[in-house]
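Visitor: I would like a close look at one part of this model, the pairing of charged side chains. Please take it slowly and then place it in its surroundings.

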Amino acid sequence: MLILIMKGGILTMNTETLETNFRELKEKHNIFDINCYIPAPDESFLETVPAEPEALLDEGINRLVLADKDCLKGDVISANESLIKRVSSNSAFFAAPVIAPEMNLGGKNFGSYLSYLIDNKSVILRVFPQALRHSLKKWQMGDIFRSIERRRIPLMIWHTHTDFDTVAEILESYPGLPVILEGSDQKIIYYTRYVIGLCEKYKNLYLEMHNFTQYGFLQYALKNIGCERLLFGSFSPYNNMNGVLNMIFANTDDSGAEQILSKNFERLMSEII
């Protein structure tokens with residue numbers, strides 16, 4: 001039994017009831033997880049959460065967007081091919097391949113490659129300028145960003161791989177490009193003034209939520225920018241999704257939870273052309 005001490009006496013609550021209620025809430029919403037990773041083979045330390053994305057489908061996730069850690073090892077195109085093959089095996093899987101400057105150099109046609117990615121269930125494009133050592137400025141990525149703006153496919157960026165002035169430049173220069181800011185690998189609450197300021201100025205900025213677990217931050221975001229640009233992500237298998245799910249269920253009504261857990265990203269997907 002879980003015992004809660006309250007004014008006026010003792011309230012007892014069965015932990016099985018709490019677990020059942022939480023499971024029912026997950027099942028009630030058509031949860032779309034936009035931030036899952038295929039772990040690298042040497043990441044054997046992963047023990048507390050399911051390492052394989054298929055396991056999430058048994059934990060209340062209906063659909064998920066996969067990224068591959070191999071994309072950070074240099075051969076981005078080969079890693080993207082492996083990712084596309086992986087998502088083709090399951091109707092609940094979608095891809096978030098990585099893009100880099102070399103995809104538009106030496107006579108290569110990024111527009112054709114982009115069409116290939118979209119045709120093969122890619123619904124987010126990721127950039128890792130720090131790990132792959134390139135710029136996000138116009139001189140190197142401008143043509144690529146214009147191409148993805150035309151196709152309306154969202155761009156996802158770790159805030160620790162760039163700076164907020166560069167994020168602002170991207171949002172300003174490509175207003176038709178949805179940009180998703182992911183809070184890895186420092187808690188985004190440390191940058192509240194930057195993040196909320198950007199959200200207020202640029203309506204094409206969205207926030208991925210796996211580390212919205214600090215007290216008060218989700219409430220602050222809901223008050224200042226609403227739920228329309230918040231997107232659920234688990235950062236699985238490096239993070240347990242239940243923490244942020246509990247925060248969402250505790251601080252939103254059914255309509256708000258539905259937007260965050262599925263509808264907002266479904267809308268972005270529907271706008272990809």
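Guide: The side chains of glutamate 54 and arginine 86 meet in a salt bridge, with 3.1 Å from N to O. The term salt bridge is used here for a side-chain nitrogen of Lys or Arg within 4 Å of a carboxyl oxygen of Asp or Glu. The model is a predicted one, in which local features need pLDDT of at least 70, side-chain atom pairs count only at pLDDT 80 or more, and totals for chains, interfaces and linings use all residues. Residues are numbered from 1 along each chain as its sequence is written, and side-chain values use heavy atoms, with hydrogens and water left out.

The pair links distant parts of the chain: glutamate 54 is in the loop between S3 and strand S4 (63-68), arginine 86 is in helix H2 (residues 76-87), and the two are 32 residues apart. Helices (H or I, at least four residues) and strands (E, at least two) are DSSP runs, numbered from the N terminus. Glutamate 54 is partly exposed, at a relative accessible area of 32%, and arginine 86 is partly exposed too, at 22%. On this scale buried means under 20% relative accessible area, exposed over 50%, and partly exposed in between, with a 1.4 Å probe and protein chains only.

A salt bridge also joins glutamate 271 and arginine 152, at 2.7 Å from N to O. Here, too, distant parts of the chain are linked: glutamate 271 is in the segment after helix H10 (254-270), arginine 152 is in the loop between helix H5 (138-151) and S7, and 119 residues separate them. Glutamate 271 is partly exposed at 28% relative accessibility, as is arginine 152 at 25%.

Lysine 263 and glutamate 266 form a salt bridge of 3.8 Å, N to O. Both are in helix H10, and because they are 3 residues apart they are separated by about one helical turn. Lysine 263 is partly exposed at 40% relative accessibility; glutamate 266 is partly exposed at 23%. Returning to the opening pair, salt bridges that share partners join Glu52, Glu54 and Arg86 into one network. The structure holds 9 salt bridges.

A charge can also be placed against a ring. The charged end of lysine 121 sits over the ring of phenylalanine 94, 5.2 Å from its centre; this requires NZ of Lys or CZ of Arg within 6 Å of the ring centre and within 35 degrees of the ring normal.

Aromatic pairs number 12 in a search of the whole structure. Rings of Phe, Tyr and Trp (its six-membered ring) pair if their centres lie within 6.5 Å; planes under 30 degrees apart count as stacked, over 60 as edge-to-face and the rest as tilted. Phenylalanine 94 forms a tilted pair with phenylalanine 32, at 5.7 Å centre to centre and 40 degrees between the planes. Phenylalanine 32 is in strand S3 (residues 32-38) and phenylalanine 94 in strand S5 (residues 93-95), 62 residues apart.

As for the setting, the protein has 10 helices and 10 strands, and buried residues make up 52% of its 273 residues.
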